[in-house]
Amino acid sequence: MLDLLNFKEIFTAGMILFAVIDIIGSIPIIIELRRKVGHIQSEKASVVAGILMILFLFVGKEILNLIGIDVNSFAVAGAFILFFLALEMILGITLYKDDEPETASVVPLAFPLIAGAGTMTTLVSLQAEYETINIIAAILINIIFVYTVLKASARIERFLGSQGINVIRKVFGVILLAIAVKLFATNIQSLFV
């Protein structure tokens with residue numbers, strides 16, 4: 001199993017997940033939640049999000065098989081979702097509006113903010129290109145980063161300022177857009193074979 005570890009795959013999958021999770025771009029949401037309800041359970045949210053992602057990584061493909069969808073079709077659909085997420089990040093628009101959470105518990109943080117629909121779609125899509133162990137390593141690295149950001153969100157906001165957060169969000173939006181195009185191009189061919 002360890003011989004399948006590939007640091008290039010871990011880095012690439014990690015960057016994809018980092019862009020999709022967009023925890024830096026979510027800092028304003030996290031700060032707003034903290035203002036509304038007080039304390040945010042960073043540890044609990046991070047652990048639950050990590051468990052959800054790893055669980056979906058293993059069970060997601062079986063769920064797809066159960067409803068008769070192959071991974072390549074799901075990857076193409078995932079490419080569209082990533083494309084629209086990237087457009088939201090780059091253009092600063094909202095294509096998908098979720099209900100505003102009422103409490104800062106596991107539900108709004110772990111799901112859907114960290115391990116949302118985009119993240120779940122990305123995980124199954126990544127399985128079409130990367131080894132599972134490398135995706136798990138990428139998930140764990142991202143969860144550690146998510147935990148760090150949740151803990152230090154107020155300090156990060158003060159350090160980066162709203163302009164800095166916007167710049168980072170747009171840069172990762174462009175990266176995510178390129179990833180969406182690559183994912184689409186890689187998987188679309190197999191649908192017509």
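In this predicted model, helix 3 (residues 42-66) packs on helix 7 (residues 132-191) at an angle of about 160°, the two axes lying 9 Å apart. Angles over 145 degrees count as roughly antiparallel, so helix 3 and helix 7 run roughly antiparallel to each other. As for handedness, their crossing is right-handed. On the helix 3 side, the contact is made by Ser42, Glu43, Ala45, Ser46, Ala49, Gly50, Met53, Ile54, Leu57 and Phe58. Facing them from helix 7 are Thr132, Ile135, Ile136, Ile139, Leu140, Ile143, Val146, Tyr147, Leu150 and Lys151. Sorted by type, the residues of this contact come out as 14 nonpolar, four polar and two charged.

Now for the core. The largest nonpolar core holds 48 residues, and the ones with the most contacts inside it are Ile23, Met53, Leu109, Ile114, Leu123, Ile139 and Leu150. Two or more residues each are supplied by helix 1 (7-21), helix 2 (27-37), helix 3, helix 4 (71-91), helix 5 (106-114), helix 6 (117-126) and helix 7.

Arg158 and Leu126 sit 32 residues apart in sequence, and their C-alpha atoms are 34 Å apart in space.

Methods:
Residues are numbered from 1 along each chain as its sequence is written. This is a predicted model: local features need pLDDT of at least 70, side-chain atom pairs count only at pLDDT 80 or more; totals for chains, interfaces and linings use all residues. Side-chain values use heavy atoms; hydrogens and water are left out. Axes are lines fitted to C-alpha atoms, for helices over the stretch in contact, and angles run from 0 to 180 degrees between N-to-C directions. Helices (H or I, at least four residues) and strands (E, at least two) are DSSP runs, numbered from the N terminus. Angles under 35 degrees count as roughly parallel, over 145 as roughly antiparallel, 65 to 115 as roughly perpendicular and the rest as oblique. A crossing is left-handed if the near helix is turned anticlockwise from the far one by less than a right angle, and right-handed if clockwise. Contact means heavy atoms within 4.5 Å. Ala, Val, Leu, Ile, Met, Phe, Trp, Tyr, Cys and Pro count as nonpolar, Asp, Glu, Lys and Arg as charged, and the others, Gly among them, as polar. A nonpolar core is a set of buried Ala, Val, Leu, Ile, Met, Phe, Trp, Tyr and Cys residues joined through side-chain atoms within 4.5 Å. Buried means under 20% relative accessible area, exposed over 50%, partly exposed in between (1.4 Å probe, protein chains only).
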